[in-house]
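Have the model open in a viewer with residue selection ready. The stops below go one selection at a time.

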Amino acid sequence: MARYFKEKDIDEFRECFYLFARSGHIKTQEELTVIMRSLGLSPTILEISSYLKQKGGKMTFADFLEVMHIHSRVENLPKEVIDAFKAADTDGKGVISAKQLRHLLQNWGECLSAKEIDRIFREANVNNNSMVRYEDFVKIACAPVPDYY
C-alpha cells in the first residue's frame, strides 16, 4: 500500500492509528470511525462495519492502509455536497441564503444543533442575513476540525 501514499501521509496515518489503536490493532467500529474521521474521511457506519468484517474483525496497520486506499478512492465528500447544491440551484447562481442553509443543516441528514451551525457559520464568516457561495462554504465546512475546538 505504500505505493499509493506519500511517506508523509503514511507517517500521519501511522501516528493516528497507534494513538487510537494502542494495542496495535483496530478491534471496534468506534476505533476505526474515530481514526478515519480524524484523518478527514467520512465513512458511513455500513462502510466501517464492512471494512472490519473483511478483515475478520481485527485490523493491523497494513490492513488499515489498504482500507484507507480503498476508501479514499471512493470518497470525495466536498464534490458530492457541491453537486447536491448545484442540483438544487435552478438559477445556477452558486449561492444559497444563510437562512435556507441553516434550515438544511438543522433538518436534513445528521441534523446539526443551532450551536454547531453557529460555530460553522462563524468559521466560514457567514452572517445570518447573507447569501452564501455554497462551493466556498462546503470547502470550509468539510475541512478537518482544528484541535482547538
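Start with helix α2, residues 29-38, where L32, T33, I35 and M36 are buried. The model is a predicted one.

Then step just past the end of α2 and select G40, whose phi is positive, at about 90°.

L19 belongs to helix α1. Is L19 buried or partly exposed? Its relative accessibility is 49%, so L19 counts as partly exposed; the exposed class begins over 50%.

The last stop is D89, in the loop that runs between α5 (77-88) and β1 (95-97). Which side chain of opposite charge is nearest to D89? That side chain is K93, 7.7 Å away. D89 is buried and has no salt bridge, a salt bridge being counted within 4 Å. Keep K93 selected and look at its backbone instead: the backbone nitrogen of K93 is 3.1 Å from a polar atom of the D89 side chain.

To finish, display the surroundings of D89. With neighbours within four places in sequence left aside, D89 is in contact with G94, V95 and Y134.

Technical notes:
Residues numbered from 1 in each chain as written. Predicted model: local features only at pLDDT ≥ 70, side-chain atom pairs only at ≥ 80, totals over all residues. Heavy atoms only, no water. Helix = DSSP H or I, 4+ residues; strand = E, 2+ residues; numbered from the N terminus. Buried < 20%, exposed > 50% of the residue type's maximum accessible area, 1.4 Å probe, protein only. Lys, Arg positive; Asp, Glu negative; His and termini not counted. Polar contact = N/O pair within 3.5 Å; in protein donor to acceptor, adjacent residues only side chain to side chain. Contact = heavy atoms within 4.5 Å.
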